[in-house]
Amino acid sequence: MFAKTLIMKLMFRMMGLPTCEEVDQFAYDFLAGRLDAKIIHQVERHLKTCKNCQKFMVSYRKTYALAQNLPPPTLDSEFKEKMFKFLSKKGDA
């Protein structure tokens, strides 16, 4: 398994494409459209050749879509007050 991963990593490097780890790191910004065109193109080329990253991106895309529909988190006012006091004490230390 390690040898296969290493070979895949070298193959992507030789093709001028991001590695699987880099695709993982770019996933959020890729889906949010926050990458420059060159990197988007490289990630898309990687995805065309890597079944594992295709599966990962399908799953990540579903999670991303679900997260987009969640309401913004709210904090209880008592919790906020305790947190501010705690952080103020930490800032004084």
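**Structural briefing**

Three salt bridges are found when the whole structure is searched. The model is predicted, and every value below is computed from that model. The largest nonpolar core has 13 residues, and the structure contains zero disulfides.

**Salt bridges**

- Side chains of opposite charge can pair when their charged atoms come close.
- Arg13 and Glu22 are joined through their side chains in a salt bridge, with an N to O distance of 2.6 Å.
- In a second salt bridge, between Lys82 and Glu78, the closest N and O atoms are 3.3 Å apart.
- Lys82 and Glu78 both belong to helix H5, where a spacing of four residues places them about one turn of the helix apart.
- Lys82 counts as exposed at 53% relative accessibility, whereas Glu78 is partly exposed with a relative accessible area of 48%.
- Lys85 pairs with Glu81 in a further salt bridge, whose closest N and O atoms lie 3.4 Å apart.
- Because Lys85 and Glu81 are four residues apart in helix H5, about one helical turn separates them.
- Glu81 is partly exposed, its relative accessible area being 47%.

- Beyond its neighbours within four places in sequence, Val23 is in contact with Pro18, Val43, His46, Leu47, Cys53 and Met57.

- His46 lies in helix H3 and is buried, with 0% relative accessibility.
- When residues up to four places away in sequence are not counted, His46 touches Phe12, Leu17, Pro18, Thr19, Cys20, Val23 and Cys53.
- His41 also lies in helix H3, which spans residues 37-49, but His41 counts as partly exposed at 46% relative accessibility.
- A C-alpha separation of 9.3 Å is found between His41 and Leu17, which are 24 residues apart along the chain.

**Cysteines without disulfides**

- Zero disulfides are present, the cut-off being a pair of cysteine sulfur atoms within 2.5 Å.
- For Cys20, the closest cysteine sulfur is that of Cys53, and the 3.7 Å between the two sulfurs is too far for a bond.
- For Cys50, the closest cysteine sulfur likewise belongs to Cys53, again at 3.7 Å and too far for a bond.
- Cys20 is partly exposed at 27% relative accessibility, while Cys50 is buried at 3%.

**Nonpolar surface patch**

- Leu75, Phe79, Met83, Phe86 and Leu87 make a nonpolar surface patch of about 480 Å².
- Phe86, one of these residues, lies in helix H5 (residues 77-92).
- Phe86 counts as partly exposed, with a relative accessibility of 45%.

How values were computed:
Residues are numbered from 1 along each chain as its sequence is written. This is a predicted model: local features need pLDDT of at least 70, side-chain atom pairs count only at pLDDT 80 or more; totals for chains, interfaces and linings use all residues. Side-chain values use heavy atoms; hydrogens and water are left out. Buried means under 20% relative accessible area, exposed over 50%, partly exposed in between (1.4 Å probe, protein chains only). Patches are made of residues with over 30% relative accessible area and no salt bridge: like charges are joined within 9 Å, nonpolar side chains (Val, Leu, Ile, Met, Phe, Trp, Tyr) within 5 Å. Accessible areas come from the Shrake-Rupley method with a 1.4 Å probe; for residues, only the protein chains shown count as cover. A salt bridge is a side-chain nitrogen of Lys or Arg within 4 Å of a carboxyl oxygen of Asp or Glu. Helices (H or I, at least four residues) and strands (E, at least two) are DSSP runs, numbered from the N terminus. A nonpolar core is a set of buried Ala, Val, Leu, Ile, Met, Phe, Trp, Tyr and Cys residues joined through side-chain atoms within 4.5 Å. Contact means heavy atoms within 4.5 Å.
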